[in-house]
Amino acid sequence: MAIKERVQKILSEIPSSVEILAATKERSSSQILEAIDAGIKVVGENYVREAESKHVVIGNKAAWHLIGHLQKNKVKRAVKIFDLIQTVDSLGLAQMINRECAKIGKTISVFIEVNSAAESQKTGVLPSEADNLAKELIRLENIRLIGLMTMGPSVDDPVKLRPYFREVKELFDQLKINYGKGINLNYLSMGMSSSYKLAVEEGANMIRLGTAIFGTR
Ligand SMILES: *Cc1c(COP(=O)(O)O)cnc(C)c1O
């Protein structure tokens, strides 16, 4: 199936309130442009350098989200091209993003990444730490916290992700109650090609799809 057909099929199967992010690591600019032509509005890249070269070609035809871990020595370059960083997981990183944005007169949107399975080798904050980090992020003038993102653990059967997705949705709802006036927490980014239907059932309104759009890498 072509990229265009895959995108149209997925769009017809999910509620219109769910945003599809095309996870575009290792995909070419022309493949990405094909997805954009088919209706994709958001692209997600894992690495700053890879995103930079594609950003030159694609520019503002899509919104750019960083979905990979951000190293502190890449923050300055990242804030120039990304519209949103989905992987904020420490105050130190957030402060650096805030500082670099202030220098170029930009306010950037961010999500907090939640390590829902509390796996020690994974990035993201523990669910129990998210509230504290949110409280700190609200104070940073050049950052706008508007969502949560989670990967979930590696599992043999995607059905096993359901309790993790459910937990992050509960956290999302709780943060909205706690900080309702201070922040517009609008996005819950969870679910990939093998798990997006499940994630949508559990309340995701942004899904991150690579293989389902572009085929196997
Ligand atoms: C690659 C990637 C995805 C998409 O993975 P697929 O299984 O190909 O859909 C989603 N989120 C992140 C953070 C990724 O790196």
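Helices (H or I, at least four residues) and strands (E, at least two) are DSSP runs, numbered from the N terminus. The model described here is predicted: local features need pLDDT of at least 70, side-chain atom pairs count only at pLDDT 80 or more, and totals for chains, interfaces and linings use all residues. Residues are numbered from 1 along each chain as its sequence is written, and side-chain values use heavy atoms, with hydrogens and water left out.

The protein chain has nine helices and eight strands. Its C-alpha atoms fill a box of roughly 45 × 40 × 35 Å, taken along the principal axes. The radius of gyration is taken over C-alpha atoms, and the globule rule is 2.2 Å times the number of residues to the power 0.38. For 217 residues, a compact globule would have a value near 17 Å. The protein chain has 16 Å, which agrees.

Burial was judged by relative accessible area: buried means under 20%, exposed over 50%, and partly exposed in between (1.4 Å probe, protein chains only). Of the 217 residues of the protein chain, 51% count as buried. Areas come from the Shrake-Rupley method with a 1.4 Å probe; for residues, only the protein chains shown count as cover. The protein chain exposes about 10400 Å². Carbon and sulfur atoms supply 48% of that area. Contacts (heavy atoms within 4.5 Å) were also counted. Among contacts in the protein chain with a separation of 6 or more, 61% are between residues 24 or more positions apart.

In soluble globular proteins, nonpolar side chains tend to be buried together. A nonpolar core is a set of buried Ala, Val, Leu, Ile, Met, Phe, Trp, Tyr and Cys residues joined through side-chain atoms within 4.5 Å. The largest such core holds 65 residues. Within this core, Leu70, Ile97, Ile112, Leu137, Leu148, Ile207 and Ile213 touch the most other members. Helix H7 (residues 162–179) gives the most to this core, with six residues. Leu148, of the largest core, touches residues including Phe111, Ile112, Val114 and Val168, not counting residues up to four places away in sequence. Leu171, Phe172, Leu175, Tyr187, Leu188 and Ser189 are also among the residues that Leu148 touches.

Side chains of opposite charge can pair when their charged atoms come close. A salt bridge is a side-chain nitrogen of Lys or Arg within 4 Å of a carboxyl oxygen of Asp or Glu. By this rule the count comes to 14 salt bridges. In one of them, Glu50 pairs with Lys54, with the closest N and O atoms 2.8 Å apart. Glu50 and Lys54 are four residues apart in helix H3 (residues 48–58), so about one helical turn separates them. Glu50 is partly exposed, at 21% relative accessible area. Lys54 is buried, at 5%.

Another salt bridge joins Arg77 and Glu52, with the closest N and O atoms 3.0 Å apart. Arg77 lies in helix H4 (residues 75–81) and Glu52 in helix H3, so the pair ties together parts that are 25 residues apart in sequence. Arg77 is partly exposed, with a relative accessible area of 31%. Glu52 is also partly exposed, at 22%.

Glu100 forms a salt bridge with Lys103, and here the closest N and O atoms are 3.1 Å apart. Both residues lie in helix H5 (residues 91–103), three residues apart, about one turn of the helix. Glu100 counts as buried at 12% relative accessibility. Lys103 counts as exposed at 57%. Elsewhere, salt bridges that share partners join Arg162, Arg166, Glu201 and Glu202 into one network.

Two loop residues were also examined. Glu119 lies in the loop between strand E5 (108–114) and helix H6 (130–137). Glu119 is buried, with a relative accessible area of 18%. Glu119 touches Gly152, Pro153 and Ser154, not counting residues up to four places away in sequence.

Ile104 lies in the loop between H5 and E5. Ile104 is partly exposed, with a relative accessible area of 43%. Ile104 touches Val79 and Lys80, not counting residues up to four places away in sequence. Ile104 and Lys80 are 24 residues apart in sequence and 8.3 Å apart in space, C-alpha to C-alpha.
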